[in-house]
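Subject: Structure for you to look at

Hi,

Here is the structure I promised to pass on. Please open it first, and then read my notes below.

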Protein chains: 2
Amino acid sequence: MAIISNDLQRKTWLEVKKSSDFPIQNIPFGVFTRPDKKTVIGTRIGDYAIDLATLQALDYFKDIALDKNIFTQDSLNNFISSGRSTWRKVRNRISDIFLNSNTELQNNITHRNKAVFAITEVEMQLPIVIGDYTDFYSSREHATNVGKIFRDPENALLPNWLHIPVGYHGRSSSIIPSGVPVRRPWGQMKNKDATAPTFGPTAMLDYELEMAFVTTNANTHGDIIKVDEAEEHIFGMVLLNDWSARDIQAWEYVPLGPFLGKNFATSISPWIVTLDALQPFKTNGPSQDPTPLSYLQGNGKYSYDIHLEAHIATEDNDFQTITKTNFKYMYWTMAQQLAHHTINGCPVRSGDLMGSGTISGETPDSFGSMLELTWRGQNPIQLKNGQSRKFLEDGDTLKITGYCENDNIRIGFGECIGKVLPAHKK
Amino acid sequence: MAIISNDLQRKTWLEVKKSSDFPIQNIPFGVFTRPDKKTVIGTRIGDYAIDLATLQALDYFKDIALDKNIFTQDSLNNFISSGRSTWRKVRNRISDIFLNSNTELQNNITHRNKAVFAITEVEMQLPIVIGDYTDFYSSREHATNVGKIFRDPENALLPNWLHIPVGYHGRSSSIIPSGVPVRRPWGQMKNKDATAPTFGPTAMLDYELEMAFVTTNANTHGDIIKVDEAEEHIFGMVLLNDWSARDIQAWEYVPLGPFLGKNFATSISPWIVTLDALQPFKTNGPSQDPTPLSYLQGNGKYSYDIHLEAHIATEDNDFQTITKTNFKYMYWTMAQQLAHHTINGCPVRSGDLMGSGTISGETPDSFGSMLELTWRGQNPIQLKNGQSRKFLEDGDTLKITGYCENDNIRIGFGECIGKVLPAHKK
């Protein structure tokens, strides 16, 4: 089925600023609470949040086979389970409803008042119930930087890294939607020269600029997903901030990996941008040498050209950009990550979330964490107000943004934002 | 409220063998599918599976405030959310219904036929929807053995181990109930002397003898759970087999921990034995030196005296016991694990599962994995039929059993069993 919704000629009767992340060609999916406290599934065009549950109840989707209550839910999981051809039909239909030549809803003020809200009127929720959350580690530059900082500068990249899209399991319960503040966590840490660990609030609170993809129920237990089939099972993508407490992480992570240094909070942007909307921005990732093992090989462009930025604001200083990077720098593609994740038969379900790992580029201004930007605090970031930062301080706000752009169009992800609250008193 | 159900004088009108794991003092909770294909929540006494949904519909729980459909569900999560005082009331009431002096159900053949099944007539299901699965690493002997085998015999225990109940996130989607067979996984592995990794079915398939506890919704995001309050939030325990592919694990696990070497399958026993039922078997764990940090200290006996065994059967050989160990050997208690897990504010929900890690004792016959028993294949296990095993072979069946026992009573966990299926062809 054609992705009619991607047609660049299409204009909508809703007002959309040229700089908006959400033209009528985007049509992401999310979950929001309306002013009357009802929570529904919706989409966004420009600065409007559109209630798909109400549109369905008003018969706007009558030509698509959909469960009656598919949009009156507080998560997208069931809709995601309905599969790619259904997502495509629904996006095409939404594109039709809001097309400037279509007067059906445009001229029906009663329906519009029921289904179309200003984005400022609604409260965005976590869009999915996340069964399992996996975080990969697929940026070569990030893995190299971390290796240099924490281990051996001469052998920064570990021997398995160029063969395996290394990943680990994260904690679903601590994933929060953009906007929810993050409490500075307590934990154990040990100074290099100390004989025993100490207990206190982290002194090295950091962000990690990541993206993540959301899967559908992809395979049955024991079966695999091939690289060239993987994208059929990916619903879409979000921005992700993998908040990290570097001192807790450094002391705990050998040999079983990061745990409390990560699972106090992970933020995601609330609108899931579909892979269909991102088709015009498909590109090749970096060339891979050595050649990956057979199950990690595929034929196709499986990376995406997505500009990514991180910005910091302090209590008395406006946002200032500290990272400029791109999703296409990632060494391993999402298709390879999903093929690797299932090569042992591990089941992937609707609503599972898979993070990219921190996305760093080659130049220092493209590093995706303060750990790398300040080289573990050695080179503090200078802020415009004269302050500096080794790591995040209480009251700081960290915002991640991301967008694809060419001469014709901009498809964006909105923002993933969180403010740092001071640690609980003892 | 008194735990009346633990009263040793209580006898039931159902037939219970003296060797049974499920006397009327046990009253575990599980989920099973009845002969008519309805799935319900139930308990077990002797070799009878008791349908609590039907008993509720027949008004046997009318004096307890319970949601109307609390037992007509395919998971225990909502019942677990109702809290410890409700679990206790329900167990006390079940104990009353089946007390030999109580003729209410005993003499009502119609009701008995509707609610009481032979255990062989029902199919056990996974008892909970597992939001997050954490696996700890809390047996000192196991951590020491693994350190000797994989790392440095002279410094086997890593520096953080005596300070932190080390744990990591596992994969919820691959957890299966006892009885479901396990497919030998494919994966990447690299021989020590090889220059590049290879791709194939694991040649080092192993079991890990563990137990796990199931939590209720314990804290809100950002809050902690203290050691002395932790057991209020633990619903009960199961046996767990953390199936492991040692060659895949060894190549992938640095630096982010085990991933595909574990997430192809994890089996649990289907009956959750409540902490209330285990009260008579509370004991102290090993003394802890150095003294743990303040947030890991508590006042009370938080370990349990639970005998644990692993048994192997081959296609032509009956079960033969290869591990005899005890839960009380664990260095870190469940209460400490839960306090540690939440010290950074990580939220714990109803139905989360937390594994102990492999439970090994000091003597070689108490080692809880083939990795340790055979010292990575150096000393194969001799089977009664003349065969030997370095690791598990296709067609082998691994069974874990566990029980508490004193002069008066035996409270057991049943079994956690799985048969190894050959790998898929390429």
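A definition to begin with: the expected span of a helix is 1.5 Å times one less than its number of residues, and helices (H or I, at least four residues) and strands (E, at least two) are DSSP runs, numbered from the N terminus. This is a predicted model, in which local features need pLDDT of at least 70 and side-chain atom pairs count only at pLDDT 80 or more, while totals for chains, interfaces and linings use all residues. Residues are numbered from 1 along each chain as its sequence is written, chains are lettered from A in the order in which they are written, and side-chain values use heavy atoms, without hydrogens and water.

Helix H3 of chain B (residues 84–97) reaches 20 Å from its first C-alpha to its last, close to the 20 Å expected. Of its 14 residues, 11 are buried, so H3(B) is largely enclosed by the rest of the structure. Buried means under 20% relative accessible area with a 1.4 Å probe, protein chains only. Among the buried ones are Trp87(B) and Ile94(B). The buried residues of H3(B) pack (heavy atoms within 4.5 Å) against elements of chain B including strand E14 (234–241) and helix H8 (275–278).

Glu210(B) sits in strand E13 (residues 209–215) of chain B. Glu210(B) is buried but has no salt bridge, meaning a side-chain nitrogen of Lys or Arg within 4 Å of a carboxyl oxygen of Asp or Glu. Lys262(B), the nearest side chain of opposite charge, is 5.4 Å away. A polar atom of the Glu210(B) side chain lies 3.0 Å from the backbone nitrogen of Gly357(B).

Enjoy exploring!

Conventions
Buried means under 20% relative accessible area, exposed over 50%, partly exposed in between (1.4 Å probe, protein chains only). Lys and Arg count as positive and Asp and Glu as negative; His and the chain ends are not counted. A polar contact is a pair of N or O atoms within 3.5 Å; within protein, one must be able to donate a hydrogen and the other to accept it, and residues adjacent in sequence count only if both atoms are side-chain atoms.
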